[in-house]
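Dear colleague,

I am handing over a structure that will be new to you, and I would be grateful if you could look through it alongside the notes in this email.

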Amino acid sequence: MAAPIGFVRELGGFKIVPVKFNEKSKAGHLMYCKEHSVKESDDIKPSHRTLFVVNVPPYCNKECMERLFGVGGPVESVSLQTKPGKDEDEVLEKIYPMKSTKGFKMAYVVFKHASSLRKALKHHYTSPFVLSPEGESSIPTGYKKWCQEYAAMWSDPLKLQKKVDDFMVEFDKKKQEEEEQAKEEEGVPDEDGWITVTKRSAKPVVARTERQQRRLQAREKRKRAEKELMNFYTFQTRESKREHIAELRKKFEEDKQRISQMKAARKFKPY
């Protein structure tokens, strides 16, 4: 079934790719693709080699995408996601099997060569591409699909054990490098002249140089000056509080005498 006359091949910067599920399907589907461009470099989705595809139907898998866009050249990888950007599930899929994404998706198709991307974009998709042809490339449906999804839920114990062993080997290697680096730094004075000494110190303690000694003395002198200045301010504040209290007491005694005089002046004397 060829594309109808007047069929639009591009829309809003996207190239239109017609597809259908199998040969018997009367209804088709349209996917849209363009070159993936990012501001920052990405090793997983490199510029000039990545094709960005949207409106991918739920039954379309990675093998379908490789066959569809393989007309341009060899495909390096295909990533199916529910939203654009970095896919956090890609890290988990390397350790645990993930369920297939349901609903419409988007895809990043990475070609091995930049020329393959240009060929895929220039290719004229005149007729709908069959995603599930008869034979080995057919997409499983019904009971067969459910059995495959159930089997994919469980990870292979041997593969999982190998991944754990590889992780522990890498962890032990990194830990050993950190310990060797710590040993090299032992016995080396820091900017203040202090030397870190531990139980496993193999190097002798290095004596302080005259320059380091002068720097330490200047630092201690600066600390003492700051402490004395702080004590002076504390003493000044305490003396001002004492003077204020003494002045309040003096005013209190004067007011007390004045009240006594007023009481004596107002005393009633009938005779």
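This is a predicted model: local features need pLDDT of at least 70, side-chain atom pairs count only at pLDDT 80 or more; totals for chains, interfaces and linings use all residues.

Residues are numbered from 1 along each chain as its sequence is written, and side-chain values use heavy atoms, with hydrogens and water left out.

Charged pairs

Searching the whole structure gives 5 salt bridges, a salt bridge being a side-chain nitrogen of Lys or Arg within 4 Å of a carboxyl oxygen of Asp or Glu. One of them joins Lys162 to Asp166, with 3.1 Å between the closest N and O atoms. These two residues are 4 apart in helix H5 (residues 157-185), so that about one helical turn separates Lys162 from Asp166; helices (H or I, at least four residues) and strands (E, at least two) are DSSP runs, numbered from the N terminus. Lys162 is exposed, at 52% relative accessible area, whereas Asp166 is partly exposed at 42%. Here buried means under 20% relative accessible area, exposed over 50%, and partly exposed in between (1.4 Å probe, protein chains only).

Helix H6 (residues 210-265) contains Arg242 and Glu239, which are 3 residues apart and separated by about one helical turn, and their side chains meet in a salt bridge of 3.4 Å, N to O. Of this pair, Arg242 is exposed, with a relative accessible area of 51%, and Glu239 is partly exposed, with 25%. Also in helix H6, Glu247 and Lys251 are 4 residues apart, again about one helical turn, and they form a salt bridge whose closest N and O atoms are 4.0 Å apart. Both ends count as partly exposed, Glu247 with a relative accessible area of 44% and Lys251 with 46%.

Aromatic rings

The structure holds 3 aromatic pairs, where rings of Phe, Tyr and Trp (its six-membered ring) pair if their centres lie within 6.5 Å, and planes under 30 degrees apart count as stacked, over 60 as edge-to-face and the rest as tilted. Among them is the tilted pair of Phe52 and Tyr108, with 5.3 Å from centre to centre and 35° between the planes. Because Phe52 lies in strand E4 (residues 50-56) and Tyr108 in strand E6 (residues 105-111), this pair ties together parts that are 56 residues apart in sequence. Phe52 and Tyr108 are both buried.

Another of the pairs is formed by Phe69 and Tyr125, which is edge-to-face because the planes stand at 75°, with the ring centres 6.4 Å apart. Phe69 belongs to helix H1 (residues 62-69) and Tyr125 to the loop between helix H3 (114-122) and strand E7 (129-130), so this pair, too, ties together parts that are 56 residues apart in sequence. Phe69 and Tyr125 are likewise buried.

A patch on the surface

Finally, Val164, Phe167, Met168 and Phe171 make up a nonpolar patch on the surface, with about 390 Å² of accessible area together. Patches are made of residues with over 30% relative accessible area and no salt bridge, like charges being joined within 9 Å and nonpolar side chains (Val, Leu, Ile, Met, Phe, Trp, Tyr) within 5 Å. Accessible areas come from the Shrake-Rupley method with a 1.4 Å probe, and for residues only the protein chains shown count as cover.
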